[in-house]
Amino acid sequence: MKSERYENHEKDMLKSILSRSLTSKAPSEETIAKAHENSGVNSNDPLIKLKYTLLDQYQGQKLEDIEGSEVIENSSGETLKITKKEKIDFSIDRAEFEKELACDLKLVPKIGPATEKKLKEEGYADIKSLLDHEKYGEYAEEIIEKIETGNHIDKFNLIRKNCNNKGKMLKCAGDLDYDSFKFMDIETLGLSNVPIILIGIAEMDKKGKSITSTQYVLRDKVEESAVLEGYLSHLDDDSTLVTYNGASFDVPFIKNRCNYYQMENETRPFHYDLIYYARTLWKDKLPNCKLTTIEKHIFNINRIDDVPGSHIPDFYDTYLKENNIGPLVPIIEHNRFDIVSLAKFLNRMCEKF
């Protein structure tokens with residue numbers, strides 16, 4: 001027969017053992033702390049800590065709980081669409097741009113910087129003043145007609161061919177209706193031949209006073225074709241695509257994935273890739289021309305709890321593995337911030353030039 005002392009000792013031992021288990025009714029503080037440490041919440045790596053904090057924060061929640069989200073269906077299947085509208089103040093000074101064009105003698109064939117300087121010293125202040133010039137009069141008349149009657153693409157090609165001025169090429173965007181801009185960015189599981197997990201596209205109203213972001217999110221990898229179809233539904237021949245490094249990455253990536261699913265992607269919108277204009281403005285002033293570098297040094301923007309592109313595949317895989325939306329939430333926010341920022345960047349770059 002067990003003594004009372006032995007029974008009490010046995011109970012104390014059992015209580016001690018149970019306190020080391022998170023499944024017990026009263027785990028010890030040490031056990032809880034160790035569990036958090038092992039889970040990554042207290043990791044010294046901020047991204048690991050963020051991931052596990054998000055897993056705790058969003059436990060039991062669904063993507064459909066995110067504000068502005070809805071499940072949509074198209075001919076390729078179902079996927080999730082998230083929509084958010086916010087204020088913006090977008091304006092490109094068209095009158096100032098027209099004035100700049102009128103005074104740029106280099107738009108006239110056979111006139112370079114040195115000749116322009118000489119002509120202006122002789123009193124030829126603008127292209128119209130060259131109409132009576134013996135050598136350049138005929139050329140000037142053709143250029144004036146193109147400036148006054150040509151469309152956005154005509155002016156863009158005129159500038160690229162005759163003076164290749166990046167600032168003026170970008171300012172041609174002022175000729176476009178603001179609601180034709182499609183600010184786009186994608187998130188992927190790698191650099192090539194892998195699924196696109198999110199496509200974001202932002203569109204402004206005609207007055208440039210509000211911007212609506214629409215994001216197509218891959219809840220599961222089988223939904224990729226539906227994500228692609230959702231994005232393509234926003235594009236037509238009057239669209240103007242605006243990206244950051246999209247000519248080298250986003251656009252060919254989308255084309256590749258459309259080919260993979262044998263989806264038609266015939267629309268070829270005019271494309272402004274802002275990285276080329278950013279390099280012209282800031283390549284000698286910044287350590288690099290990454291989007292986040294420009295945000296920090298030019299726009300004084302510091303993102304909080306942001307997930308760098310190189311870590312997005314890991315966060316997405318954790319979302320799938322844990323069936324927990326937490327690691328996916330900052331990817332969605334990262335993308336939305338990118339596409340809305342593109343509108344602000346376009347506006348600011350036109351001012352800088």
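A residue is called buried when its relative accessible area is under 20%, exposed when this is over 50%, and partly exposed in between (1.4 Å probe, protein chains only). Helices (H or I, at least four residues) and strands (E, at least two) are DSSP runs numbered from the N terminus.

The model described here is predicted: local features need pLDDT of at least 70, side-chain atom pairs count only at pLDDT 80 or more, and totals for chains, interfaces and linings use all residues. Residues are numbered from 1 along each chain as its sequence is written, and side-chain values use heavy atoms, with hydrogens and water left out.

**The chain as a whole**

The protein chain contains 14 helices and 7 strands. Of its 353 residues, 46% are buried. Contact means heavy atoms within 4.5 Å. Among contacts in the chain between residues at least 6 apart in sequence, 64% join residues at least 24 apart.

Two strands pair if DSSP finds at least two bridges between them.

| Strand paired with β6 | Sense | Bridges |
|---|---|---|
| β3 (residues 181–188) | parallel | 3 bridges |
| β7 (residues 270–273) | parallel | 4 bridges |

Phe183 stands opposite Val242 of β6. On the pairing with β7, Leu241 has His271 as its bridge partner.

**Helices α3 and α13**

Two packed helices are described by the angle between their axes and the distance between the axes. Axes are lines fitted to C-alpha atoms, for helices over the stretch in contact, and angles run from 0 to 180 degrees between N-to-C directions. The axes of α3 (residues 46–57) and α13 (residues 312–322) come within 12 Å and cross at roughly 30°.

From α3, Leu47, Leu50, Lys51, Leu54 and Leu55 meet Asp314, Phe315, Thr318 and Glu322 of α13. By class, this contact has 5 nonpolar, 1 polar and 3 charged residues. Here Ala, Val, Leu, Ile, Met, Phe, Trp, Tyr, Cys and Pro count as nonpolar, Asp, Glu, Lys and Arg as charged, and the others, Gly among them, as polar.

**Helix α12**

In helix α12 (residues 291–298), the buried residues are Leu291, Thr293, Ile294, Glu295 and Ile298. Their cover includes α11 (274–282) and α14 (329–352). Just after α12, Asn300 takes a positive phi of about 55°.
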